[in-house]
Structures are given as C-alpha cells and as structure tokens.
Amino acid sequence: MERKWWQDKVCYQIWPKSFQDSNGDGVGDIPGILRRLDYLKELGVDILWLSPVYKSPLADEGYDIADYRDIDPRFGTMEDMERLLAETKRRGMYVVMDLVVNHCSDEHPWFQQALADPEGPYGKYFYFRKGKNGAPPTNWRSYFGGSVWSPVPGRDDLYYLHLFCQKQPDLDWENPAVRREVVEMVNWWLDKGVAGFRVDAIVNIGKPAVLEDYAPDRPDGLADCRKMLADPVARRRLHGYLAQLRDEAFAPHNAFTVGEVFDTDPAELQLFIGQNGFFSSMFDFAAACWGGSPKGWYDAKKPGPDNYRDCAFASARAADGVGFLSNIIENHDEPRGVSRYLPEEASGDPRAKKALAAVQMLLPGLPFLYQGQEAGMTNTVFPSIDAVDDVNTRGEYAAALAAGFSPDEALARVARWSRDNARTPVQWTADHAAGFTTGTPWMAVNPNYTQVNVAAQQGVEGSVLEFYKSLIRLRKNDKYKEALVWGGFEPLHQDQSGLAAFVRAGGGRTLAVASNLSGEPQRVDLPGTTKEVLLCSDGAPGLTDDALILAPWQAAVVELA
Ligand code: GLC
C-alpha cells in the first residue's frame, strides 16, 4: 500500500455552533475556534473537520447550505475563515470542510430560480415530479420522517424531492451542470487552502432511473427511502459521480477526504477506500448501526462493550490490506460514545471512559475525536420535547407517539439516541455556561459540567483528557508508529466477555493493547512475554510471565518480546 500524508494523523471534529463562542451571542463561531487552536495542538490532533459554517438558514444546523462560497454571519466572516486556515497552517494543522452536496437549502438561489421556473434550467438541478392522483409521486419516507416529497408552492400537481428535511431539496446529479458546479466549488475551496472534505450523506446522490413505490414498512404507509441505495442503476451512477469528483478535484489536490458512507457492500470497500479509491477514508459506522430497528429509534437496542468490540474488530479485519477506515465512538449525529457503549452504571466512570478510549484510538485506521469526547462528555438530559432542537429527534418522537407510546415514554425512548446529546456546548470550565459563552448558550449546557470539564482535567494526572493525550503521543511515537499506524491487526480472546484486546505489529515491534471493559478483574493471556509496559490507564497492570491481570476498567499497552 502506498503511504499517504494523512495516514499518521489524528483527526478532531468541530461542530462549530457548540464549540466556543467569542462574542457573547450564545452561538459558537470561527473566532472561538481560533481561540482554542493551541489547546487542540497540545491535545495532539492534526486534522480539524469543521461541520458546516457556510451561509445557511440552519434548518438542519448548517447541513442546508444557501451559499457554498460564503460563511454564515453567525459563525463569522470569510476573513475569519482565512485566518483559521493561516493559523492552522502555522501550527502544522489542517482544516477539512464539510461537503454537503446531496442537497442544498431551499433558500439557495438555484432552488429559488427552480421554483420560479420548474421547467427552466435550474428546475433540472432538482427532482421535480408530478403527483399521482393527488398523492406524492412515490411513497418514500424521508430520513427524518414524513414523505420525501413536498408540493411546489402554488403548483398543487408538482412536488420536489428531499430525502432529508423539507428545506433540503435533493440535487439531481444526473445533470452534468450540477456536477460541474460541485467540482468547481470543491476546487475553489481546495485552492483556498482547505486540506480536504468530509463528504456528507454522499451515497444518496446516486438515484434509480425510475423513482417508484416500495412496499410500505411502517404504519404510516410509507417505505424507507434507503431502499433505493441498493438499486443497481443508483449504485452505478454513484460510482461514476464519485470517480469524477476524485479525478477532477480531490486527486489533483492530493486532498484528504472521508466519506459518510452507510450501506456499503464489503465488496465495495476497495472501490471506496482502496488504492485510488473514491475517498481517502470512510467512517466505520458498524457499531453505530448495531441494534437499530426498522421501526425507529424507540425500538433500538442499546449496545454493550462486547457489541462495540465485535463491530470494530469485524470492520478492522474487513479493511485489513485494503485501506484506512475512520474510527469514531460518536459524532454530531450520534449520542455520546461513553453513554452508548458503556453499561449505564459505568458511563460516568472516568476509568471506563479511558478503557473505551484506548480501544478506539489504537485500532487500525484513522482516529477521529468529536469535540468534548476528550473530556469524557456524556449524554444530556431533556426535561421535555420542547428542549429538543434536532429535526431528526422530533421525527423519531412522532414515530414513537404513532406507535402508541405516551409522550413521557416516547421522550424517554428517543432521548438516548438524540443527536442533541452531542450538540450541547463543550464543557470548558466549571464557570458560567461551562466557559462556552459569556451570554446565554443557544442550547442548554449538560448539567454535569461542574464535574465534567476540560479545566478540571488539564494537567491532572489520571484524567480522561490527559489519557487521550498519552494515547495520541503513543500512536505518534516514531518507535511504535509502524505498528500502530501501518501495522497488522490480530484480535485476542474475542470470546472473553468484557475484554477488548488485540495485537498490532510492525517495524519489528509487537504491541498488545488490552482494555478491561468490565467491572471485574480480567486475566489476559498474551502471545509472548512482556518486554515493557508502554501505557496504563490507572496505576500499573498485574504481570505474569505471559499474561496481564487488569483491574476493573483498566487498559494497558505492552510491548511483547
Ligand atoms: C449527514 C449529516 C447530518 C445531516 C444529514 C443531511 O448525515 O451528518 O447531520 O442531517 O447528513 O445533510
């Protein structure tokens, strides 16, 4: 495998609205990010992925873009963005933007012109279709609930397609003019100095030749729009569009790209992230998808540590020798990883948070941290559905009500999956609004901020934050890089419940990573004798000739002789 500049990097996702406010309006902004650059540098991260900061009505928090070449005034100005590019460069860091091109905002001039003249050139940028006997053109359910079709105002026979919310009309990628617009815009940002893109919802751009009804799969009489992803024409089109983006934009700039790719067939992995793949990397969502239900969030099962381990290990094996997956325990669309994968009674325990961190950060692939993860931030509490901002959660709440749950039960069932869990302001300090803003935060701070915050952990030995720093340092240490970045992967004792252990070997060194993801001590038989303990989350592990004895929730990395 040819080596690439980004492979030994550590990535960090910023969701700007909740990262750091600089002007007291309660909304995070780019000058706020600038203020935290030294902190991020010290943490050891290199590539910053910025969730959308483009001009947007924020109907889906920026994933609805009204101008791809401008910054929303709530987040700052283009000068701020340029300053961010310069200041990251000065620190040897990189900025990756979010590329949201399955759809734009209904307030984008393209869509405004399309509405004014659906039969004109901009009408061909979108999917306008006639209804069927007063009903929408197909029975597809959108990702956020309800029909994917909304009527064109003033034209009751005509609808437009939106796989996400009503304010996110889908772009028609079969139209070469759309592809040209996207390629030019991507090159414009790359020329400006961004290092690449996280590519949003991208599998959805390939659509079937004919849009037709599917068998209804819920009491609402609709069918999951995701069914179309398996259509062979849709898939072929997707591959063609992605090859064009790669060849005409990403590759000439040697850009780093990471795809938000769900629903890949293992056979497609090579095509997506292999040598000359469409993307540099793609997220591994195996654990995030575990326990999902076709009925909706209210019916989803909570994964435990063994489920997380099994998903992550299966993905690592599938990608072995193919390419680099990007490993996450959370992002802006998912609940907090510690609340999701650790047993409820342990999700607030710093030892357990560190044990989970060791696995994610040392797996093969590229580690992505999500803002606040490094301080051990957890899910929040929602006093009522009115405290929920996220369109997705509201849709899932409606589905739970429709299934017969009382409002209280419905809220309790969807709250643990809510995207807002990860969207509360970053907890920097124990002061007013957790140090996020001097004003009133746009979304309530998680009430645990007085205990869980960056300031309380900075420089404090044994803290979650300091442990993340040591994991990053270990990964980047020249002595172990061959093993931890480019080395092989062998699971150990995967049948031992509550244990996640594996061997990473390369450059003449063999490292064993072992995390006790349980409240009981665990013995880990090793395939060799321990030469040196490189890292331990709490105290020191028990050692015998060929085994480690881990205390509850203890993680250790040892070099084997
Ligand atoms: C992706 C984003 C999510 C957004 C959706 C539509 O899944 O991560 O936040 O709602 O795409 O753009």
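A charge sits over a ring if NZ of Lys or CZ of Arg is within 6 Å of the ring centre and within 35 degrees of the ring normal. The model you are looking at is predicted, so local features need pLDDT of at least 70 and side-chain atom pairs count only at pLDDT 80 or more, while totals for chains, interfaces and linings use all residues. Residues are numbered from 1 along each chain as its sequence is written, and side-chain values use heavy atoms, with hydrogens and water left out.

**Aromatic rings**

- Another charge over a ring is that of Lys-17, which lies over the face of Trp-442 at 3.7 Å from the ring centre.
- A pair of aromatic rings is described by the distance of the centres and the angle of the planes.
- Rings of Phe, Tyr and Trp (its six-membered ring) pair if their centres lie within 6.5 Å; planes under 30 degrees apart are stacked, over 60 edge-to-face, and the rest tilted.
- The whole structure holds 33 aromatic pairs.
- In one of them, the ring centres of Trp-173 and Tyr-241 are 5.7 Å apart and the planes are at 35°, so the pair is tilted.
- This pair links distant parts of the chain, 68 residues apart: Trp-173 is in the loop between strand S9 (155-161) and helix H5 (176-192), and Tyr-241 is in helix H6 (residues 232-250).
- Helices (H or I, at least four residues) and strands (E, at least two) are DSSP runs, numbered from the N terminus.
- One aromatic cluster is formed by Tyr-54, Tyr-68, Trp-110, Tyr-122, Tyr-125, Trp-188 and Trp-189.

**Buried and exposed**

- Buried means under 20% relative accessible area, exposed over 50%, and partly exposed in between (1.4 Å probe, protein chains only).
- Trp-173 counts as buried at 1% relative accessibility, and Tyr-241 counts as buried at 5%.
- In helix H13 (residues 407-415), the residues Ala-410, Leu-411, Val-414 and Ala-415 are buried.
- They cover an arc (of the directions from the helix axis to the C-beta atoms) of only 120° around the axis, which puts them on the same side of H13.
- Asp-408 and Ala-412 are exposed, on the face of H13 turned away from its buried side.

**Around the ligand**

- Among polar contacts (pairs of N or O atoms within 3.5 Å), a polar side-chain atom of Glu-260 lies 2.7 Å from an oxygen atom of the ligand.
- For Asp-200, a polar side-chain atom lies 2.8 Å from a ligand oxygen atom; for His-103, the distance is 2.9 Å.

Terms used:
A polar contact is a pair of N or O atoms within 3.5 Å; within protein, one must be able to donate a hydrogen and the other to accept it, and residues adjacent in sequence count only if both atoms are side-chain atoms.
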